[in-house]
Amino acid sequence: MSNLLALTIIWPLLAAIITAFFNNKKNTVRVMSQMFTLINLALVSVVLFLISTNGTIILETGSYEAPFGIVIVGDMLSITLVLTTNIVAAACVFYAPKSLTEQQESFFFYSFFFMLISGVSGAFLTGDLFNLFVFFEVLLMASYGLIVLGNGKAQLRESLKYVLINLFSSMLFVTTIAFLYSVVGSVNMAQVSQRVQEVEQQGILTTIAMLFFFVFATKAAVFPLYYWLPRPYIVPNPVVSALFGALLTKVGIYSILRVFTLIFVGETDLTHTIFIYLAAFTMIFGVIGALSTNNIKLIVAYNIIPAVGFMMMGIGIFSETALSGTIYYLINDMVIKAALFLLVGLIAYVAGTSDLRKMNGLIHHYPVLGWFFFIATLVLAGIPPFSGFVGKLLLIQGGLAQEEIMVVIASLVSSLLILFSMIRIFIRGFWGEKQDAPPHPERSGAARRMTWPIAVLLSITVLLGVGAEWFYPSVEEMGEYLMNPQIYIDSVIKE
Amino acid sequence: MLLAVLLPFIIAIFIPFLSKWKHKLHTGFFVTAVPVVIFIYFARFIGPGFEPVEREYSWIPSLDMNFLFYLDGLSLLFILLISGIGSLVAFYSIYYLHKSEQLGHFYVYFLLFMGSMLGIVLSDNVYVLYTFWEFTSLSSFLLIGFWNHREGSRYGALKSMLITVFGGLSLLGGLVFMSGITGTASIQEMMSQQELILNHDFFPLILTLILLGAFTKSAQFPFHIWLPDAMEAPTPVSAYLHSATMVKAGIFLVARFLPMLSVSEWFFIIVSAVGIATLCWGSYMAVRQTDLKGILAFSTISQLGMIMAMLGFGTKAAIFAAVFHILNHATFKGSLFMIAGIVDHETGSRDIRKLGGLMTFLPITATLAVIASFSMAGVPFPFLNGFYSKEMFFDAAVTMDLSVTGIAATLQTLFPYLAVLGSIFTFVYSMYFFFGTFRGKANIDELPKKPHEAPAGMLVSPAILVLGVIIIGLFPDLINKPFIEHAASAAYGSENVKDIYYWHGLSPAFIMSITVLVFGTILYLSIPKWASIYNAVPGRLSLNTFYDGLVERTERYSTIITNSYMNGSLGRYVRLILVAIVVVTFGTMALTGGFTLDFGNVSEVTLHEVLIAVVMVIAAIGTIIAKNRIAAILILGVVGYGLAMLFVLYRAPDLALTQLIVETVTVALFLLVFYHLPNLEPHHESSLTKAMNLIISVGYGLLMTMVAISAHSHKMFDTMSSYFVDNSYKLGGGDNIVNVILVDFRGLDTLFEIAVLGIAAMAIFGLIRLRGKNKEE
Amino acid sequence: MEIIMAVLAGTLFTTGVYNLLQKQLLRIVIGTALISHGAHLFILTMGELKRGAPPILTDGIDQYTDPLPQALILTSIVISFGVTSLLLVLAYRASKINGTDNMEQLRGNDYE
C-alpha cells in the first residue's frame, strides 16, 4: 500500500520519459499526456482516501529504516497539496494543445510538464531535507525547460535572470543543509526536529533556520526577495505561467510551513515575529506592484505576491486557526492562480494584446470569459462565499486572537487593493462600448475550447468556498497536526 | 424562511432563460412576482402581538457560519421595505426599461441584490451577514455599471465599489474581532456579553471598524461621495438601492448594535456628529445640483445623515423617530426617484435648468411630486408623514439630556441648531426640486422630447408610495402599534412605545418647524442672490477631487514605487536580496548568540593544504581581475582543479574524480560558448558600485564563513553515518560506502539527479534547435 | 584546518557573489560556478576533515571519513553541472538574440 505513495512521484517521471519518445507525434502525445494526467489524478485520489482513512503513510525507500534512508511521508497536508497539484496539472494539460504552438509541443513540453509535477509532488512528500533539495532541483530544471520553450527575445532575457536567481538560492540551500547536518548530524526532517528540540534550538540553529527561511522565501517570493518573480512569469506561454503561478511559489511556502512548524519552533518569538512583519510588507508591496502596470498578465503575476503574504501571515501568527487559514489559502491559491493565468492568457489571446489600454468592451463578445474573470476576481479578493474568504477569515481570526492588529489591517487593506487591481481589468477591458466584431474573430473557436479547463478550476474554488463544510474539518485537523510536531516525529521514527 | 431569502437567488438562476422570451413578455413581470411573494410571506408576522422568531439552518458549522435568522421588529421593518418597495420598483421598471435592453442582466443583478439585502437584515450570524453585505456592494456595482458603455457609469461603479468594499472589509475586521472576544458568531449572543466587548482594550478600534462599515454603506460624510455618482444606474435602481434599501444597510447595522454600542460615549460623539454633518452638508449640496437625480442623491445623503444622527443620540425618543423616519423616507424618496425617472423618460432630460412648467404636461406626476416633496420638506400638514418624523427629530434634539461632559456636552447643545440648519436646506431643495421642475416657464423647445403624461403603468408605483405618505400621515396608528413599535423597541433594546400625534401644542419642536418653514421660504426665494457662495464652499476643494486624486495617485505612485526597484536589473535584485539575507541573518546571530568559535575540534593545519587554499583564493580573485575572457575561464578552472585536489586530500576519491571530469567539461563548455559570442563593448562600473558590490559580497562570504565555523563548533550529535559504515556491506553489498549511499541508501536522490540531467539535456536541445519562429536569426 | 577551509569556501562565495554582481554575462556565470565550488567545499568541511580513511571498506580499519557529505556533494556536483551547462547555452542564446552580453542592458520592458 505504501508503495502507491511513491507511485505518485514515479508515475509522472515515467510519463515524462515515455512522452519524450513521442515528441513528434502531436496527437498521440496529447492524448497520452491527458491520459497519464488523469490516471495520476485518480491515483492520488486513491492515496488521499487511504491516508484519510488509515492515517499517515510512511514509505522508507529501499526499506532502509528511518532516519537513515530517505523517507517519503504522506500525511494529509502533503497529499492534499499533491492532489491540488494534479488538479491544476489536469486543467493545464487540457488547455495546452490550443495554447501551445506545435513546435513548443514537439520540444518536450509534456516531458517538462510531467517532470515539474513529479518534482513538485516529491517536494511536498519528502521527509528528507537533502531529498527536498533534489526535488527542488527537479522542479526548477523542469521549469527552466518550460520557461525557455519558445526562445523569444524577452523570454530568453527573463529566463536568464530566473535561472540565475534560482541557482543562487539552490546553492545557499545545499550549503545550509550542510550547516544543519554539522550541528545535528542528520538530514531526516523528523530526526532533525527531534534533535533541535532536544538542544532547545540554540542560537546557531536559529541562525541556520533564518538561512533556510531565506532559501525558501526566495522561491516563495516573500518580501524582500520577490523581485525576480513577476516578469519571468509572464513571458512564457500561459500554460507555463499557470503552472508556475500555481505551483512554484507554493512549494516555497509549503517548505517554510513545514520547516517552521516541524523543526524550528523553539524561537518563535524571534523567527515568527519577523515573519509577521515580512508578511505585511509582502502583501502591501505586492499589491502595489499589481497596481503599477497595465499589462494584464503582469497584474496577475504581481498578485501572486500578496497571496504569499497572506500565507506567511498564518505561519507567523502560528496558531491552529492561523495555520489552518494558511493551508486553506494555499489550496485555494493554487487553484485560483492557475485559473487566473489561464484566463488572462486567454483574454490576451482573444484581445490580441495584454495591454489593458488597448482593450475595450470585450464582454459583449466574450460574456463567459468576462463573468469567469469577475468570479475569479472575487475569489482572489476573498469575497465570501468564495474560497478565498475562508482562508482569509481564519487568518484574520488567528491574527486578532493574538492581537496582531498591524498585520490584520495590512491584510484588509491589501484585500481591497487586490480587488481594485483586478476589477480594473474588468471595468477597462470588458466593459465599454460594444465593438462591431471581436478583435480576432477567428480565435473564438479555440477560445471556447480553452474555457473549459478554466470552468473546472473555477467551480472547484466555488465549491471550496460554498462547500467549505466538506473540506474545512480536515484542514482544521491539519492545522492541529502542524502545531504538534511530535505526531510527525513519532510516525516517522519508530523507537 | 431560508427559502424566502434564497428565492431571489434561485429565480435569478432562471432569469437568463426567461429573458429569451422577453420580446413576448417583459421579464419584469416574472421578477415582480418574487418580492410580492416575499412581502406576503412576511406580512403575516405583522401584528401587535409580534414576537421575535429565530430559525437556524446549517451551512458551514465548523466555521460557525450558519444561516441563523433572527426576525425581530427591526428586521421585519426592513424586510417589508425591501420586498414592498422591491415589488413597486420591479413593476415600475417594466415600463422604464425597454425590451431591447439587456433585461436578463438587469434582473439577475436586481434579484441578487434583493436576496442579499434580505440576508443582511435577517442574519444574526456575523459572517453570513458580511457575506450578504459584500454581495449588495457587488450587485450595486453591477447595476451602476449596467450602461457600461458610458464613462460616467464605469466611473461611478468603481467608486461605489471601492468605497463600500473598503467599508465592508473594515466591518469584517470589527465583526471578527467581536466574535473572537465573545466566542460566538451570533449577534444576539454577542450583545448578551457586551461587557466583554465594551471593556476590551481594543474597543475604540472595534467601534471604528464597525462604524466605518456603516458610514461607507450609508453614504455618511465624508464617504458620501459615491452616492451621487451611483445615479448613473437606471432610475429604478436608484430608487431601490440608492435611496430606499441598500444605503439603509448601514443604518440597520448601527441600529442592530445600538443597544450595545450606545453605552459608549464615543459612539454618541462620532455617530451623531457624523450624522448631523452629513445632514447639513448633504442638504446644502443638494441645492447646488442641476440634475434631478443629483438633487435626490444629496437629499438621500442628508436624510440618511438625519437618521444616523438620531441613532447617535441614542435616546428613546430619538430611536423611535429614527425608525419611523426610515419608513417615511422610503415612501417619499422612493416616489420622488420614480417621478424623476418619469420626467427623464417623458422629456428626455433631467437637467433642472432645462425643465420647468411641466405641471401642465404631466399633471398626475406633478400632483404626486408635490405631496412627496412637501413631505420631504417637513411642511406641517397632517397628511404628510415626513412632518411627523421631522418633528420627532427636533423634539429628540431639544429634549436630549445626556449626562455628558466635554466635547459630548458641547455637541449636545449645538445639535438643535444644526438640526434646524440642515432642515432649512432640506426645505429649500425640496421646493427647488418641485418648483424647478413643474412650475415656472416651460421651455419645451429645449427638451429632447415633447413632454406628455407617463403611461398608467409607470404611475402606479409612485402613486402607491404617495398614498402611503398620506395614509401614514393621516392614520399613523395603523402602522404604529403592529409595526413601528416593535422595530423601535428592537433597536432600543427594550420597550420603546410612543403615540404619534399631529398636534403637540406650541412645543419647541413646533417652533423649530415653523422656523424652518419661514427661513426655508426666504432662502428658496432668494437662491439667485446667495448661490455664488458655492464657488467658495466647497469650491474646488471637494471630496471628489480628493477621491480622484487618491485613486489616480494610488496608481501613479504604485508605478513609481514599483519601477524604482523592479527595474529588471538582475544586479539590483541580487543586491537587495543579499542585503536582506546578510542583515537579517547577522541580526539573528547576534540576538541569539549564535556564533561560537571552538578550536578544540579541528584537524591539524598542514602546509600543502594551506598552499592549495592560497592558490585557490588567488585564482578566485583572479577571475575578477582578469581582463581577458579566456583567461578568466582558465583561472576558474584552476579553482575547480584546486577543489579536486582538496577532495583527494580529504579522503574523497570519488568526488575528486567526478570534480576533475566535470570541471574539464565545464571549462570546455565555457570556452565553446564564449568563444562564439561576439566581443562586445567593455563594461565599466563606477567605483561606488564597485565598493558597494565589494561590501555586499564580503558581507555574504563572511556570513557564510561565520555560520560554518559556528556550526562546526556546535557538533552536538553523532552523525547518522555510522549506520552507513556498519551496513554498507551488510545491506548494500558494496565496499565503497559513498557509492552504496548513492545507489542504494539514497537511491531516490540519484534517480532524480539523473532525471535532472535528462531534463537539462532536453532543455538544451530545445534551446539550440527551436528557433524557427525567431526572425532575428 | 576546518576553519581555514571555511574561510576558503567563504572567499569563494565572496568572489562568486562579486562576479555575480558584475554586468558582463561571462562574469556572472563564472560567479555561479565559484559559488557552487564554495558550497561543495562547505559541505565537505561540515563533515569533519581527515578523521579517518577514505570511506571504502577495508579490513582492519574502522575509522572512516563521514561518507554522507561526500554522497551529497556528488549529487550536488552532478546537478550543478546540469544547471551550469543549461545556463551556458541559455546565456549564449540570450545574448546572441538580444545582441548584448551586458546584463544591465537586458532589463527590458517588452514582454511579447
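## Chains B and C of a predicted model

Read from one end of its sequence to the other, chain C follows the pattern α-α-α. The structure is a predicted model. In chain C there are three helices and zero strands. Chain B has 32 helices and two strands. The radius of gyration of chain B is 38 Å, well over the 28 Å that the globule rule gives for 777 residues, so chain B is more spread out than a compact globule.

Chain C can be set against the globule rule as well. For 112 residues, a compact globule would have a radius of gyration near 13 Å, but the value for chain C is 19 Å.

| Chain | Extent of the C-alpha atoms |
|---|---|
| Chain B | about 115 × 65 × 55 Å |
| Chain C | roughly 65 × 25 × 20 Å |

### Burial and contacts within each chain

How much of each chain is buried? In chain B, 55% of the 777 residues count as buried. In chain C, buried residues make up 72% of the 112 residues.

Contacts within a chain can also be sorted by how far apart the partners are in the sequence. Among the contacts in chain B with a separation of 6 or more, 78% are between residues 24 or more positions apart. For chain C, residues 24 or more positions apart account for 51% of the contacts with a separation of 6 or more.

### Where chain C meets chain B

The two chains touch each other: 74 residues of chain C are in contact with 87 residues of chain B. Which helices of chain C supply at least two residues each to the side that touches chain B? They are α1 (2-20), α2 (25-46) and α3 (67-98) of chain C. The largest share of this side of chain C comes from α3(C), with 24 residues. Sorted by class, the side of chain C that touches chain B has 46 nonpolar residues, 20 polar residues and eight charged residues.

### Domains of chain B

Chain B is divided into two parts by the domain assignment: domain 1 covers residues 1-185, and domain 2 covers residues 717-777. How far apart do the C-alpha centres of domain 1 and domain 2 of chain B lie? The distance between these two centres is 60 Å.

### Summary

Chain B, with 32 helices and two strands, is in contact with chain C through 87 of its residues. Chain C, with three helices, contributes 74 residues to these contacts, and α3(C) gives the largest share of the side that touches chain B.

Key. Residues numbered from 1 in each chain as written. Chains lettered and ligands numbered in written order. Predicted model: local features only at pLDDT ≥ 70, side-chain atom pairs only at ≥ 80, totals over all residues. Helix = DSSP H or I, 4+ residues; strand = E, 2+ residues; numbered from the N terminus. Rg over C-alpha atoms; globule rule 2.2 N^0.38 Å. Buried ≥ 20, exposed ≤ 12 C-beta atoms within 10 Å, placed from the backbone. Contact = placed C-beta atoms within 7 Å. Nonpolar A, V, L, I, M, F, W, Y, C, P; charged D, E, K, R; others polar. Domains from an automatic or database assignment.
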